[in-house]
Amino acid sequence: MARLILICGPTGAGKTTYALSLSREIGAVRFSIDSWMQTLFAKDMTSLDYSWMIDRVNRCYEQIWQVSEQVLSLDGNVVLDLGFTTKAQRNLFSDRAKTLDINAEIHYLHASRNIRKQRVEKRNTEKDPSIYSFDVTDMMFNFMESRFETPAIEELKNGCEINTE
């Protein structure tokens, strides 16, 4: 049976590292929004404009879903490392999965702010190509902190909560 796993958590929680490991473990196709955005739009970005960026994120979501739907219809597994900052974003993909008779699994990763901040600083310094797409500045980190919506218990009924500390 095909599985669709949505990885969510605040910046620095370990989403990409977890997604890489999980996709290897269950034999899944993994999509990461950071690498898509970096490859497709980084050269065009002149400033950190949220509306400009979210428009392109949504375009990526649509293309990623089209490919994910094909993989899932072939009974394959998909891991989505798309941030899923808001409940609305998580619901969009969960609802789409339901049309394929798949219950999306939400895996919620979290760690304290200090640990997450240290991880981001380490990632910015080391630039490990398996998890690094771009530097996350203090401004970006702080901006995203207020935007993340913690999943409610009912969102996790098919998934899990993971403390990555």
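Arg90 is buried, and Glu155 is buried as well; the word buried stands for under 20% relative accessible area, exposed for over 50%, and partly exposed for what lies in between (1.4 Å probe, protein chains only). The side chains of Arg90 and Glu155 join in a salt bridge, with 2.7 Å from N to O. Arg90 belongs to helix α4 (residues 87-98) and Glu155 to the loop between α6 (138-145) and β5 (160-163), so this pair ties together parts that are 65 residues apart in sequence. Helices (H or I, at least four residues) and strands (E, at least two) are DSSP runs numbered from the N terminus.

The model is a predicted one, in which local features need pLDDT of at least 70 and side-chain atom pairs count only at pLDDT 80 or more, while totals for chains, interfaces and linings use all residues. Residues are numbered from 1 along each chain as its sequence is written, and side-chain values use heavy atoms, leaving out hydrogens and water.

Salt bridges come next. Side chains of opposite charge can pair when their charged atoms come close. A salt bridge here is a side-chain nitrogen of Lys or Arg within 4 Å of a carboxyl oxygen of Asp or Glu, and the structure holds nine of them. Asp55 bridges to Arg56, with the closest N and O atoms 3.4 Å apart. Asp55 is partly exposed at a relative accessible area of 34%, whereas Arg56, at 16%, counts as buried. Together with Arg59, these two residues are linked in a network of salt bridges. In helix α4, Asp95 and Lys98 are three residues apart, and therefore separated by about one helical turn; their closest N and O atoms lie 4.0 Å from each other in a salt bridge.

Rings of Phe, Tyr and Trp (its six-membered ring) pair if their centres lie within 6.5 Å, and planes under 30 degrees apart count as stacked, over 60 as edge-to-face and the rest as tilted. The whole structure contains five aromatic pairs. Trp65 and Phe93 have ring centres 5.8 Å apart and planes at 75°, so they are edge-to-face. This pair links distant parts of the chain, with Trp65 in helix α3 (residues 50-73) and Phe93 in helix α4, 28 residues apart. Trp65 is buried at 6% relative accessibility, and Phe93 is buried at 0%. Tyr108 and Phe148, by contrast, are stacked because their planes stand at 15°, with ring centres 6.1 Å apart. Ring pairs also link Tyr61, Trp65, Phe84 and Phe93 into a cluster.
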